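Open your viewer and keep the selection panel at hand. Each stop below says what to pick next and what is there.

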Amino acid sequence: MTCIEARGLRKAFGTTIALDGIDLRVEEGRILGLIGPNGAGKTTALNAILGLTPYQGELKVLGRDPWTERDLLMRDVSFVADVAVLPRWIRVSQALDYVAGVHPRFDRAKTEGFLAKTTIRHASKVRELSKGMVAQLHLALVMAIDAKLLVLDEPTLGLDILYRKQFYDSLLNDYFDRSRTIVVTTHQVEEIQDVLTDVMFINRGRIVLSCSMEEVESRYLELMVHPNQVAAARALKPIHERQVFGRNILLFDRVDRQQLAALGDVRTPSIADLFVAVVGDQASQAQGAAR
Amino acid sequence: MTSQSNAIPESESRGINTQVIAPAEIPATRRMYWSVRRELWESRSIYIAPLAVAALFLVGFLISTIHLPDKMRAAVALNPEQQHELIEQPYDFAALLIMATTLIVAVFYCLDALHGERRDRSILFWKSLPVSDLTTVLSKASIPIVVLPLLTFAITVVTQLIMLLFSTAVLLGSGLSVTTLWTHVPLFHMSLGLLYHLLAIHGFWYAPMFGWLLLVSAWARRAPFLWAALPLLAIGAVEKIAFNTSHFAAMLGYRLGGDPGGAGFPASSMSMDSPTHLAVVQLLISPGLWIGLALTAAFLAAAVRLRRYQGPI
């Protein structure tokens, strides 16, 4: 089943084009990483998918139009749009009561289970919790919703590394069950690359690369060239070249592995390196490009 | 995005799927109920402010009952009408004070209702739940239009009851008859009048004002109070300068004066008398009421639409 389907998705803010005619198809059971520099259109794309912003073009999420049917869609979609959007005045117990009161697919016992593993008390107000605890609470609420699609926009921004690790571990172990679909954006690419099944690079409102992780592994190779083989390696038309500790590292798209192995050490590039290679040149002007 | 390469055996995912029990629908009334409760959690001034005012008033009143026996003795000399006025006065004053408090609370509540959630970004959380913008806006509108009038009624009646019982105790303690007091403070009769006043005026007649405040609250990026007040002043001023008339100001005054149909409810007196048939009919046939309700609906519809477009500010 197709979870998200978009054709010619466009969105402009005044003269700034945030989404420039995106085509997108996400099947059920995938974990898609949406990766791009700041201002690339990631959040705009997610907002369109979540019915938070109007758009031009065709978009169906779980067969619904998100803009006109947001409330119905939210029975099957949950999202963490940002850290710290839980209202500061609410008590933990009130947050549980409210979500249980309005959400048909919320399993309160599950949230209680997650919270029992933390130091969050029911009587606390959100304003009394630390940033990490608020994120934990939000995640505990979201993971107890039996949703078909979960959207996470920078879910771990500003949180420490221990928490970030825990976050993705519990997402995979306690939540993801292959009948769900997850779309996640983050700047900490290296932390999620083992989690993803698919990756999509987005830059300046356009999709630059969209493929499954298997495809990434079979298509792209990184070669640490023997110093005396540099010229031969360059002849194979690498898509990107960089230097680390005086050694040249070349990235190839669809080049035979054996051919490369003769020239140096071959390995699969990290998503971050691939991102820099594919998006890097355009994005290097934009501040805060993903590493 | 392709999925041919999903490495997970189909049977496993089927197994998990079958464990999912089809959840029951949540009726719209329940979503509304929880949305209204949420408003009460967030804005505790809705009930704390009138309770505090009632408590303060009671403290003052209880102290004043030292003079009650003297007052009752003096009242004997007056004619029945003056007697009635003298004895009923503090009860009317209590109602007036509590009503004024809840009106102020209602105004500030409305101005913050759809602005605060955007300011603290929590709108992103609320919008992640299956509650429509219509339900949200209606739940917020129900606070000044339904909840606050009923709350005002309950708090006022309890306050007046405490006043009456305490006065009775004081009078009995000083060996005076309570008949005069009880005939001039017809609590049940007063409560009916109060309830009618609250529903008719605070609920229906003021509804467009609350609708307008909610609309501004949904629209303004900052300073909703100024945006709510200044355009009205500006329209009045422009009309005065351009045509040297003040129809707009008169219209506003007519609305805020709480005087539907020009009869039934003299704005100057917060009458505690039960409504007459005539007053009810006059209210129901006054075009002002229906125009006001239509305006309220238009303002709220615009607020619903705006909330759909609005994100955090």
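Is A:Arg254 buried or exposed? Select it, then count the other C-beta atoms within 10 Å: there are 9, so A:Arg254 is exposed. The cut-off for an exposed residue is 12 or fewer. Bear in mind throughout that this is a predicted model.

**Stop 1: two arginines**

Stay on A:Arg254. This residue sits in the loop between strand S12 (247–253) and helix H10 (257–261) of chain A. Check the backbone there. Phi of A:Arg254 is near 55 degrees, a positive value in a residue that is not glycine. Most residues other than glycine have a negative phi.

Now jump to A:Arg178. Its loop runs between helix H6 (161–175) and strand S7 (181–185) of chain A. The surroundings are another matter. A:Arg178 has 20 other C-beta atoms within 10 Å, so it counts as buried.

**Stop 2: chain A as a whole**

Zoom out and color chain A by secondary structure. Along its principal axes, the C-alpha trace spans about 65 × 40 × 35 Å. The radius of gyration of chain A is 21 Å; a compact globule of 291 residues would have one near 19 Å, so the two agree. Buried residues make up 47% of the chain. Of the contacts in chain A with a separation of 6 or more, 71% join residues 24 or more positions apart.

**Stop 3: helix H5**

Select residues 131–143 of chain A, which form helix H5. How far apart are its end C-alpha atoms? They are 18 Å apart, and 13 residues at 1.5 Å a residue should span 18 Å, so the helix agrees with expectation.

Hide the rest for a moment, then bring it back. H5(A) is mostly covered, with 10 of its 13 residues buried. Among the buried ones are A:Val134, A:Leu137, A:His138, A:Leu141 and A:Met143. Next, show the cover. It includes strand S5 (77–80), helix H3 (92–102), helix H4 (108–116), strand S6 (149–153) and H6 of chain A.

**Stop 4: between the domains**

Color chain A by domain. The assignment gives domain 1 as 2–210 and domain 2 as 215–283. Taken over C-alpha atoms, their centres are 33 Å apart. Where they meet, 11 residues of domain 1 of chain A and 9 residues of domain 2 of chain A take part in the contact.

Pick out the domain 1 side. Helix H7 (189–192), strand S8 (198–203) and strand S9 (206–212) of chain A each supply at least two residues to it. The largest share, 3 residues, comes from S8(A). By class, this side has 7 nonpolar, 2 polar and 2 charged residues.

**Stop 5: chain B against chain A**

Bring chain B into view. The contact between the chains takes 33 residues from chain B and 39 residues from chain A. Which elements give two or more residues to the chain B side? Select helix H1 (10–19), helix H2 (28–42) and helix H7 (123–126) of chain B. H2(B) gives the largest share, 6 residues. Finally, color the chain B side by residue class: 14 are nonpolar, 10 polar and 9 charged.

Methods
Residues numbered from 1 in each chain as written. Chains lettered and ligands numbered in written order. Predicted model: local features only at pLDDT ≥ 70, side-chain atom pairs only at ≥ 80, totals over all residues. Rg over C-alpha atoms; globule rule 2.2 N^0.38 Å. Contact = placed C-beta atoms within 7 Å. Domains from an automatic or database assignment. Helix = DSSP H or I, 4+ residues; strand = E, 2+ residues; numbered from the N terminus. Nonpolar A, V, L, I, M, F, W, Y, C, P; charged D, E, K, R; others polar. Expected span 1.5 Å × (residues − 1).
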